[in-house]
Amino acid sequence: MAQQQTQGRERESNWAGNHHYRAAALHRPETVEQLQELVRGAAAVQALGSGHSFNAISDCDGIQVCLDKMPPLARIDEQAMTVTVDGGSSYGALATALAARGFALANLASLPHISVAGAIATATHGSGDGNANLAAAVVGLTLVDGTGEVRQVDAKDTPDFAGYVVGLGALGIVTEVTLAIEPAFTVAQHVYRDLPWEQLLADFDAVTGRAYSVSLFTDWSGDTVGQAWFKQRPGDGRTDDYPAELLGGTAATAAMHPLPGVSAVNCTQQLGVAGPWQDRLSHFRMAFMPSAGEEIQSEYLVDRAHAVPAINALRALSGIITPLLQVAEIRTVAADGLWLSTASGRDSVAFHFTWLREQAAVEEVVKAVEAALAPFGARPHWGKVFDAGSGALAPLYPRFADFVELAQRLDPEGKFRNAFLDEKVFGI
Ligand SMILES: Cc1cc2nc3c(=O)[nH]c(=O)nc-3n(C[C@H](O)[C@H](O)[C@H](O)COP(=O)(O)OP(=O)(O)OC[C@H]3O[C@@H](n4cnc5c(N)ncnc54)[C@H](O)[C@@H]3O)c2cc1C
């Protein structure tokens, strides 16, 4: 092993602390050559990003590899309107580098702390009727495959590129990601409280289409949605009108945290104050703890054509959902063409749950949630807690078998396979 590689465990568990890694060692290569050597020498290896997934997707019985000691990279190509980042970069670091040069990403997830490579591997998304998930911005990848070879693939010249991007860590270890960028823009965030469900469900499209990015926070009980966050992008053709009362709700007069009773100091600026995209598109600020910390998350995406019946099905489960819940969030995600994207081929509505950190109880309640959403073809978020196995997941993705074949091609010895992938993807 090269000297720079760190052996032994420094990170015992994921961010939420609900999964303890069983991999024997965590390595931090500083060069691509060291990474290749590690992959060639390992029987089982898995990339670890920032560890924000809630399940065992980044664990394995061999070694984990984290790229946060690789040389940082944020190479902007102003002609192509792309940026190329290293495989360990966080969205927060990337956003700072882009903003300093007057550029932007189209969207961000609720937190900037996550790594770009880890987020795209699980189809992480933000919200917005016109915003596809973060992986849809990827136009090129460099990765070390299961044989230790470096491969460069891109949207223009690689026939199966749509299979590579949401890779679940099964295809290789990504050392560089190239993403589409656009000129920097401003966003203003408006929060409304207590919007009646009846009014929201009467015209769901009018609510989610009202702003560039819309999030609805609920505990699934009662007659109203607790908070609606409208991230308005001035000049995008949508209304700039945010009156004191909207859709039956009332404009918040102080900054809000999505969790009831929690200080909003961790949250990005609200109250309609316009500011840079990177300081508004996420809900949580980079220098602060996102969300609650003591929590488990689950999320399901359904075709947005089923939004209203799916919401009604979840409201009917409030009796078992609400007692275990900290808060739930409803977002929308535009369709993309990526094989394992949770929004692949369909404009989607995403139902997110921030649960109490009670693992056994959460594992039980997600079975009921999955049963209620099954008629709508719900696809679970790859990085969160869910029950479905390969038998249930495969039919939800038209290119599932092609992905399995691609993984076998890039990793013939199955070095990147782990228990999660065997159970959820390969069906073993
Ligand atoms: C507080 C909180 C808020 C969240 N908010 C959102 C949200 O708004 N929207 C949303 O969709 N999700 C959200 N998530 C989920 C999160 O975005 C995903 O779990 C994401 O995968 C985390 O990225 P990571 O860097 O921590 O990846 P990890 O959890 O470390 O890894 C995830 C996967 O990526 C792979 N991977 C990591 N690095 C590489 C690499 N270099 N090459 C190849 N594969 C790699 C791993 O092997 C694994 O398969 C949230 C999570 C938390 C904790």
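The entries below cover the ligand, the nonpolar cores and a handful of individual residues.

**Entry 1: what I am looking at**

I note first that this is a predicted model. I keep that in mind for every value below.

**Entry 2: the ligand**

Which residues are closest to the ligand? I found 37 residues around the ligand, and the closest are A47, S50, H52, S53 and S115.

I then looked up some polar atoms facing the ligand. A47 places a backbone N or O atom 2.6 Å from an oxygen atom of the ligand. H52 also uses a backbone N or O atom, again 2.6 Å from a ligand oxygen. With S115 it is a polar side-chain atom that lies 2.6 Å from an oxygen atom of the ligand. Taken alone, the ligand would expose 970 Å², and the protein buries 99% of that.

Where does the shell come from? I wrote down strand 2 (45-47), helix 3 (116-121) and strand 9 (173-180), each of which supplies at least two of the shell residues. Helix 3 gives the most, with four residues.

I also sorted the shell by class: 15 residues are nonpolar, 20 are polar and two are charged.

**Entry 3: the nonpolar cores**

I kept a general point beside me here: in soluble globular proteins, nonpolar side chains tend to be buried together.

How many residues does the largest nonpolar core have? I read 106, and the members with the most contacts inside that core are W220, F351, F353, W355 and W382.

Leaving out residues up to four places away in sequence, F353 touches W220, I296, Q297, S298, Y300, L314, I321, L325, V327, A328 and V369. W220, one of these partners, is itself listed among the residues with the most contacts in the core.

There is also a second, separate core of 13 residues, and A25, L35, L38 and V45 are among them.

L168 is found in the loop between helix 4 (161-164) and strand 9. Is L168 buried or exposed? L168 counts as buried because its relative accessibility is 2%.

D194 also has a positive phi of about 55 degrees and is not a glycine either. D194 lies in strand 11, which covers residues 186-196. I noted D194 as partly exposed because its relative accessible area is 42%.

**Entry 4: two arginines**

I looked up R233 and found it in the loop between strand 13 (224-232) and strand 14 (245-246). Why does R233 count as buried? Its relative accessibility is 17%, and the cut-off for buried is under 20%. Apart from residues up to four places away in sequence, R233 touches E182, F185, T186 and Y212.

R331 lies in strand 18, residues 325-333. R331 has 6% relative accessibility, so R331 counts as buried. Setting aside neighbours within four places in sequence, I listed its contacts as S110, H125, G126, S127, V214, S215, E299, S348, V349, A350, H352 and K384. With E299, the side chain of R331 makes a polar contact of 3.2 Å, side chain to side chain.

I checked one distance as well: R331 and L247 are 84 residues apart along the chain, and their C-alpha atoms are separated by 17 Å.

**Entry 5: T322**

T322 has its place in the loop between helix 8 (318-321) and strand 18. T322 counts as buried because its relative accessibility is 19%, and the cut-off is under 20%.

What does T322 touch, not counting residues up to four places away in sequence? I found D219, W220 and S221.

**Entry 6: K156**

My last stop was K156, in the loop between strand 8 (150-154) and helix 4. Buried or exposed? K156 counts as exposed because its relative accessibility is 72%. I also noted that K156 and V191 are 35 residues apart in sequence and 40 Å apart in space, C-alpha to C-alpha.

Terms used:
Residues numbered from 1 in each chain as written. Predicted model: local features only at pLDDT ≥ 70, side-chain atom pairs only at ≥ 80, totals over all residues. Heavy atoms only, no water. Near = heavy atom within 4 Å. Polar contact = N/O pair within 3.5 Å; in protein donor to acceptor, adjacent residues only side chain to side chain. Areas by Shrake-Rupley, 256 points an atom, 1.4 Å probe, with all protein chains shown as cover. Nonpolar A, V, L, I, M, F, W, Y, C, P; charged D, E, K, R; others polar. Core = buried A, V, L, I, M, F, W, Y, C linked by side-chain atoms within 4.5 Å. Buried < 20%, exposed > 50% of the residue type's maximum accessible area, 1.4 Å probe, protein only. Contact = heavy atoms within 4.5 Å.
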